[in-house]
Amino acid sequence: MVTTLLDARRARRIAEQVPDPELPMLTLADLGVLREVSLAPDGTVVARLTPTYSGCPAMAEMRAGVAARLRAAGYARVEIRTVLDPPWTSDWITEDGRRKLAEHGIAPPGARQPRAAGPVPLVLSPARRSVPCPRCGSADTEETSRFGATSCKALWRCLACREPFEHLKEI
């Protein structure tokens, strides 16, 4: 039992270090995508990942990255499972992950607005009024495009320092 627990912890530490393919300054643990790593009774390492949103194109790379790292560490049997419930939220990004985003010029997401229980109607609302500039901290910013290099980022510009930056959206 102790060996199983130690193996599961070791496997978790290895999986936690896999970088996100779209935001390589973050690990899957920083992003909150890595949900669980456990050992099945037959010795298979089972890692559970939650995509940032339905249809996330990076999910295949995340799965492959975790599996490759675990196999390279000597785990012969690896299974990657996708977990959809509860759905991922940008609130799961760790404080360390938020710091890393800002250090790399990407404004981290703010707190997600609480949602009512049950079905949520689609509401098209205006974009967030201001996102603090990750370079100078000014709140005098404007959105230039709702979509950036990836669907989960928007393009913004700081009106104080005049620098463009990306903002990871609240999901």
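Mentor: What follows is a chat about cysteines, an arginine, some backbone details and a helix in this predicted model.

Trainee: Cysteines to start with. How many disulfides does a search of the whole structure find?
Mentor: The search turns up 0 disulfides.

Trainee: Okay, how far is C56 from the nearest cysteine sulfur?
Mentor: That sulfur belongs to C152 and is 6.8 Å away. The cut-off for a disulfide is 2.5 Å, so C56 is in no disulfide.

Trainee: Why does C133 count as buried?
Mentor: Because its relative accessibility is 4%, and buried means under 20%. C56 counts as buried as well, at 9%.

Trainee: New topic: where does R48 sit?
Mentor: R48 is in strand β2, which covers residues 45-49.

Trainee: Is R48 buried or exposed?
Mentor: Buried, with a relative accessibility of 18%.

Trainee: What does its side chain make a polar contact with?
Mentor: With the side chain of S38, at 3.2 Å. Leaving aside residues up to four places away in sequence, R48 touches V33, L34, R35, E36, S38, R81 and V83.

Trainee: Let's do the backbone. Which residues does a cis peptide bond join?
Mentor: D85 and P86, with omega at about 0°. P86 lies in the loop that runs between β3 (78-82) and α4 (95-103).

Trainee: What about phi of R162?
Mentor: Phi of R162 is positive, near 70°, and this residue is not a glycine. R162 is in the loop between β6 (153-158) and β7 (164-168), and it is exposed, with a relative accessible area of 53%.

Trainee: You mentioned α4. Which residues are buried there?
Mentor: G97, R98, K100 and L101 are buried in α4. Seen down the axis of α4, its buried residues fall within an arc of 160°, so they line one face of the helix.

Trainee: What do the buried residues of α4 pack against?
Mentor: They pack against α2 (28-31), β4 (106-107) and β7.

Trainee: Which exposed residues are on the face turned away from the buried side of α4?
Mentor: That face carries E95 and E103.

Trainee: Last one: what is phi of G105?
Mentor: Phi of G105 is positive, near 80°, and this glycine follows α4.

Definitions and conventions: Residues numbered from 1 in each chain as written. Heavy atoms only, no water. Buried < 20%, exposed > 50% of the residue type's maximum accessible area, 1.4 Å probe, protein only. Helix = DSSP H or I, 4+ residues; strand = E, 2+ residues; numbered from the N terminus. Polar contact = N/O pair within 3.5 Å; in protein donor to acceptor, adjacent residues only side chain to side chain. Contact = heavy atoms within 4.5 Å. Arc of directions from axis to C-beta.
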